[in-house]
Amino acid sequence: MARSETSYPATVRLLAVGLGCWGLLGCGSDDPAADGPLKFDYPRDAEIRINQLQAKGSHNSYHVETEGMTVKALQYTHAPLGVQLAEQGVRKVELDTRFDLENGEHYVVHIPLIDEQSNCRRLVDCLKALSVWSKKNPGHHPLFVQIEPKDGLPQDPETRFEALHAEILSQWERSRILTPDDVRGGAATLREALVTGGWPTLGQARGKVVFYVDESGPWRDAYTHGDKHLEGRLMFASSKAGADYEAAYVINDPTSAEIAVRVKEGFIVRTRADADNVEPFAADTSKRDTAFASGAQLISTDYPAPVEGVNYLVEIPGGTPSRCNPLVAPAGCTSEDIENPAFIR
């Protein structure tokens, strides 16, 4: 099962080579304007909201299996982020971050020394790959980026938060980021804005990105200004019921009844279709199918594309690549209303 840092699943590798697009960013030129403007038309963009979709995401999206890895849970490899977006229908990615004190920037790795191969080691490189594809495809529904800080809360958290924001803004213009302040608008709290008015429409969010933090301890408390609010922040925070910043949840167990509750309340939920190679290696799709039915908007997997020798795959049912949410989408919604392949290249 082991693969080197530059050796990817055969089905993905052959596709990329055939298209001449293998690399950090994926397919095409790094210049978003190189292929000319891309026009798109979505008649229901003023009606359908971004929490009314269901999209495929990759878990530990940067991960590359270490050569000789014997731990079953770590025996998986993801294609570069640009390929995941362009060829695999991924619209949500997950990046584990650690801060490099020597270089003064964040890098992306799972477990240093033990499991540290990455298809985009610097955070700014990961963000660039996403941004380049997005600029080429302004008709995409919003991308979702889950940031999981792995090195705990620093002594000076505000300085660290500023560094993280600066790295994000170096690759994503502020106008292309949907932030908590954008959603809150004139409401007293973010939660009030969502409960009374809802998330922005797809038309307001196309071509943009939504960042959220997967951390529910001291890091979150500091980022939410003492567990209070997200004013001035670029990212949403993993929520808890009733919090003024309640907006996005990470609920890993797709069988949890809480998922449907939060989705129907108007919040966005990420769950997992598989974990630690348990379901994929057993060709067990029951957990995956439960995740689809749960209503969670973001379904995370280690297998967004076929892998030789593994009889398991996650594809959103009828998705192109995403679909209308099975719990909260408006009547008559179609997958093409969410994202039409004709408007993506």
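The protein has twelve helices and ten strands. Helices (H or I, at least four residues) and strands (E, at least two) are DSSP runs, numbered from the N terminus. The structure is a predicted model, in which local features need pLDDT of at least 70, side-chain atom pairs count only at pLDDT 80 or more, and totals for chains, interfaces and linings use all residues. Residues are numbered from 1 along each chain as its sequence is written, and side-chain values use heavy atoms, with hydrogens and water left out.

**Confidence and overall packing**

Colour the model by pLDDT, the predictor's confidence in each residue, from 0 to 100. The mean for the protein is 91, and 89% of its residues reach 70 or more. Then select residues 1–28, where the pLDDT is below 50. Beyond near neighbours in sequence, this stretch has 75 contacts in the model, a contact being heavy atoms within 4.5 Å.

Return to the whole chain. Of the 345 residues, 57% count as buried. Buried means under 20% relative accessible area, exposed over 50%, and partly exposed in between (1.4 Å probe, protein chains only). Among contacts with a separation of 6 or more, 71% are between residues 24 or more positions apart.

Select strand 2, residues 90–100. Ten of its eleven residues are buried. Which strands pair with it? Two strands pair if DSSP finds at least two bridges between them.

- Strand 1 pairs with strand 2 in the parallel sense over two bridges, and Gly-57 stands opposite Lys-92 in strand 2.
- Strand 4 (residues 143–149) pairs with strand 2 in the parallel sense over six bridges; there, Pro-149 is the bridge partner of Thr-97.
- Strand 3 (residues 105–108) is joined to strand 2 by four bridges and runs antiparallel to it; in strand 3, Val-108 is the bridge partner of Thr-97.

Next, select the turn between strand 2 and strand 3. These strands form a hairpin with four residues between them, and Gly-104 in the turn has a positive phi of about 70°.

**Strand 9**

Select strand 9, residues 298–301. Leu-298 and Ser-300 point one way, Ile-299 and Thr-301 point the other way, and all are buried. Strand 1 (residues 53–58) runs parallel to strand 9 and is joined to it by four bridges; Lys-56 has Ile-299 as its bridge partner. Strand 8 (residues 268–272) also runs parallel to strand 9, with three bridges joining them; Arg-272 has Ser-300 as its bridge partner.

**The nonpolar core**

In soluble globular proteins, nonpolar side chains tend to be buried together. A nonpolar core is a set of buried Ala, Val, Leu, Ile, Met, Phe, Trp, Tyr and Cys residues joined through side-chain atoms within 4.5 Å. The largest one here has 76 residues, and those with the most contacts inside it are Leu-95, Phe-211 and Met-235. Helix 3 (residues 123–136) supplies the largest share of this core, six residues.

Select Phe-211, which is found in strand 5 (residues 209–213). Is Phe-211 buried or exposed? Phe-211 counts as buried because its relative accessibility is 0%. Phe-211 and Val-145 are 66 residues apart in sequence and 4.8 Å apart in space, C-alpha to C-alpha. Not counting residues up to four places away in sequence, Phe-211 touches several residues, including Leu-127, Trp-172 and Met-235. With the same exclusion, the residues touched by Met-235 include Ile-147, Leu-164 and Trp-219.

**Helices 3 and 4**

Show helix 3 together with helix 4 (residues 157–171). Leu-123, Val-124, Leu-127, Lys-128 and Ser-131 in helix 3 meet Leu-164, Glu-167, Ile-168, Ser-170 and Gln-171 in helix 4.

**Stops in the loops**

Most residues other than glycine have a negative phi, and most peptide bonds are trans. Select Asn-60, in the loop between strand 1 and helix 2 (81–87). Asn-60 has a positive phi of about 45° although it is not a glycine, and counts as buried because its relative accessibility is 3%. His-225, in the loop between helix 8 (218–223) and strand 6 (236–237), has a positive phi near 55°. With a relative accessible area of 29%, His-225 is partly exposed.

Move to Pro-321, in the loop between strand 9 and strand 10 (323–324). The peptide bond from Thr-320 to Pro-321 is cis, with omega near 10°.

Finally, select Gly-332, in the loop between strand 10 and helix 12 (335–338). Gly-332 counts as exposed at 59% relative accessibility. Not counting residues up to four places away in sequence, Gly-332 touches Arg-44 and Asp-337.
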